Amino acid sequence: MLTKKGKYGLKALVHLSELPQGQLAFVNDIAVANNIPKKFLDAILGELRNAGFVQSRKGKDGGYRLARLPADIKIGHVVRVLDGPLAPIPCASRTQYQPCEDCDEATCQVRHMMLEVRQAIAEVLDNRSLAQMRDAANDDVLAGIKYQI
Amino acid sequence: MNERASGRLAIIIVGGGASGVLLAAHLLRNREADIRITLIEKRQVFGQGVAYSTELADHVLNVSALGMSAYADDPEHFLHWLIERGLATADNPRVYVPRSVYGEYLAEVLGDLRGSEGEQGRLHLLSEECVSVATTTAGVEVKLANGASLVGHIAVLAVGHEEQPSIEKTVAIRPGSPGDTPIDPDDPVLILGTGLSMVDTFLSLTAGGHRGKITALSRRGLVPSIHQAGRPIRLDAADVPLGTDLSYFVRWFRQLVRDTERNGGDWRDVVDGIRPFNQRIWQSWPHGAKRRFIEHTRAWWDIHRHRMPPELHERVIRAIAEDELELVAGKLLEAKRVGDRFEAKIRRRHVPAIETISAARIYDCTGITTDLAAGTNPIVRSLIDRGLARPDPLRIGLDVTPQCAMLGSDGQPSERLFAIGPLTRGAFFEIEAIPDIRVQCAGLARQLVSRAGIAA
């Protein structure tokens with residue numbers, strides 16, 4: 001499941017991908033523009049920096065920028081860093097496995113199918129780049145404008 | 001592509017070792033494909049290459065019989081072959097057989113294909129040395145050392161491992177190469193490298209009655225770990241962090257080892273459990289992570305990933321305890337010939353003083369060439385010189401696409417030139433062993449067969 005953390009992280013990355021290459025953005029600007037609580041965003045960007053997706057600079061002119069080209073950042077890779085293993089329910093993971101209190105996972109048909117679903121999630125998210133995600137949103141907006149005209 | 005119009009799709013495979021034979025076998029599995037394969041090998045025998053030509057019984061496969069079938073979708077093919085010959089039993093499929101047996105198996109796979117394909121003319125074997133590969137307007141041209149040249153539509157390079165020492169180590173020789181002549185059994189020997197190739201060389205020397213001191217030198221002086229039966233953990237791609245920096249991945253990996261050990265498992269269960277994802281992990285990393293891995297982490301990774309069977313490990317440890325074998329962590333500064341001896345200047349790790357080691361023979365067991373363009377393979381060099389190929393960014397192999405197409409000096413993927421096996425390690429990393437090479441060959445075969453017509 002994509003948590004709020006995952007969603008905010010992706011929004012922040014899209015924000016950074018829309019800036020000219022190498023330009024830094026203030027955390028505050030990203031937070032305001034995307035309606036994300038600033039403290040939460042600080043923590044999220046810190047984790048993305050530890051994983052090597054963004055770089056930061058301290059000081060008055062400091063801020064964040066992408067560490068790689070948007071075409072080289074895959075959405076699934078970012079989500080794993082922020083939300084852990086891709087899994088539709090907590091028991092459908094092999095490393096961060098959390099058993100449900102109310103069922104026996106060995107015979108649980110729901111879990112069995114959800115293990116299959118997570119492969120499909122990985123298949124989609126690992127083949128979509130940040131650039132595609134950014135452009136898909138813009139394309140939709142453009143299509144909407146055209147439609148209205 | 002006008003390949004169909006001009007009749008059969010002619011594929012020339014340069015190198016008849018394990019990779020080349022596996023590719024030919026996968027190409028010919030499609031009985032209808034209208035192809036003509038020419039497999040060129042400079043040795044008189046096919047299917048052996050550098051890896052499987054050893055005669056020594058101690059040189060065993062380090063993958064069990066179940067992982068060594070020529071075909072990934074027929075995993076017991078090799079095991080059945082072993083059982084038919086009384087070399088394995090059905091109740092013990094995890095047997096580690098001598099590598100020479102595997103060479104025989106591949107030769108027989110090829111022999112069977114030649115028998116069944118001979119009349120149709122889809123497979124031709126050529127025992128000649130190849131000197132260069134080039135593209136022409138219509139296809140490819142492969143020149144042989146005897147002056148002849150072959151033309152085809154597609155050329156696949158399967159030349160595997162370097163056979164000559166790299167240029168900066170010219171006084172050293174590769175074990176088993178023509179220069180590897182007998183030496184006095186009491187003479188000291190220096191081996192560059194401390195991995196599995198070093199162990200092979202140590203075993204060959206002692207099997208030949210060598211008694212002199214053997215010194216093995218590498219940057220860290222680490223020797224491969226010991227194999228143990230375990231239960232590899234189950235992972236899905238959805239569990240594995242991809243595309244991160246190296247330090248992030250290493251932290252995750254260490255944590256997973258700790259968690260596995262807490263649950264009664266072993267680090268081997270993690271190393272083996274992650275293996276199906278090694279190529280994907282490698283390909284997902286940014287260049288900086290790959291470079292740091294090769295520089296700092298690879299030596300550590302290799303001794304955990306490429307392990308020794310318990311009997312061999314015991315022998316190596318005993319030899320170290322009895323001072324027959326000394327492992328030195330350090331750097332080779334210079335090596336030169338002095339009379340009928342060699343003198344190597346080395347500096348031990350964290351020690352400023354320079355030491356001189358005298359040896360009757362220096363073996364190069366360092367594995368990966370540090371710079372492919374400086375390598376000694378004439379075919380690779382000719383391709384790079386003509387701009388038809390380029391080294392990968394880390395210069396440990398040829399730059400290829402995930403579909404094995406060579407990238408030219410302009411970065412454009414070729415439609416006619418491909419590479420498989422260890423030569424593609426820059427793009428695949430985990431591509432030294434049969435379980436991975438056979439999958440790569442199956443993929444390339446599908447791709448090439450789709451470009452061929454149907455045989456009449």
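## A loop residue with positive phi

Asp323(B) lies in the loop between helix H9 (310-321) and strand S10 (325-338) of chain B, where helices (H or I, at least four residues) and strands (E, at least two) are DSSP runs numbered from the N terminus. Its phi is positive, about 65°, although Asp323(B) is not a glycine. Asp323(B) counts as exposed because it has 9 C-beta neighbours inside 10 Å; a residue is buried if 20 or more other C-beta atoms lie within 10 Å of its own, exposed if 12 or fewer, and partly exposed in between, with C-beta atoms placed from the backbone.

Cys404(B) also has a positive phi without being a glycine, in this case about 75°, and its place is in the loop between helix H10 (378-385) and strand S14 (405-407) of chain B. Cys404(B) counts as buried because 26 C-beta neighbours fall inside 10 Å.

## Basis of the model

This is a predicted model, in which local features need pLDDT of at least 70 and side-chain atom pairs count only at pLDDT 80 or more, while totals for chains, interfaces and linings use all residues. Residues are numbered from 1 along each chain as its sequence is written, and chains are lettered from A and ligands numbered from 1 in the order in which they are written.

## Domains of chain B

The domain assignment, which is automatic or taken from a database, divides chain B into domain 1 (9-60 + 98-162 + 370-449), domain 2 (167-225 + 307-364) and domain 3 (237-305). The C-alpha centres of domain 1 of chain B and domain 3 of chain B lie 29 Å apart. Their contact takes 7 residues from domain 1 of chain B and 8 residues from domain 3 of chain B, two residues being in contact if their C-beta atoms, placed from the backbone, lie within 7 Å. On the side of domain 1 of chain B that touches domain 3 of chain B, the residues divide into 6 nonpolar, no polar and 1 charged; Ala, Val, Leu, Ile, Met, Phe, Trp, Tyr, Cys and Pro count as nonpolar, Asp, Glu, Lys and Arg as charged, and the others, Gly among them, as polar.

## Strand pairing in chain B

Strand S1 (residues 9-14) and strand S2 (residues 35-40) of chain B pair in the parallel sense over 6 bridges, where pairing requires that DSSP finds at least two bridges between two strands. Within this pair, Ile12(B) stands opposite Thr38(B) in S2(B). From S1(B) the chain crosses through helix H1 (residues 18-28) of chain B to S2(B) in a right-handed β-α-β crossover, that is, with the strands pointing away from the viewer, the path from the first strand over the helix to the second runs clockwise. S2(B) also pairs in the parallel sense with strand S3 (residues 123-126) of chain B, over 4 bridges, and there the bridge partner of Thr38(B) is His124(B).

An open sheet of 6 strands in chain B has the order S12-S11-S10-S9-S8-S13, with mixed pairing. Its edge strands, each pairing on one side only, are strand S12 (354-359) and strand S13 (361-364) of chain B, and the twist averages 40° from one strand to the next, with axes taken as lines fitted to C-alpha atoms and angles running from 0 to 180 degrees between N-to-C directions. Strand S11 (residues 341-348) of chain B is joined to S12(B) by 6 bridges, and the two run antiparallel; here Phe342(B) has Ala359(B) as its bridge partner in S12(B).

Chain A holds 6 helices and 2 strands, which follow the pattern α-α-α-β-β-α-α-α along the sequence. Its C-alpha trace spans about 55 × 45 × 25 Å along the principal axes, and buried residues make up 28% of the 149 residues in chain A. Of the contacts in chain A with a separation of 6 or more, 62% are between residues 24 or more positions apart.

Cys91(A) is found in the loop between helix H4 (75-83) and helix H5 (109-125) of chain A, and it is partly exposed, with 17 other C-beta atoms within 10 Å. Not counting residues up to four places away in sequence, Cys91(A) touches Tyr97(A), Gln98(A), Pro99(A), Cys100(A), Glu105(A) and Arg111(A). Cys91(A) and Arg111(A) are 20 residues apart in sequence and 6.8 Å apart in space, C-alpha to C-alpha.

Between the chains, 15 residues of chain B are in contact with 19 residues of chain A. The residues on the chain B side divide into 8 nonpolar, 3 polar and 4 charged.
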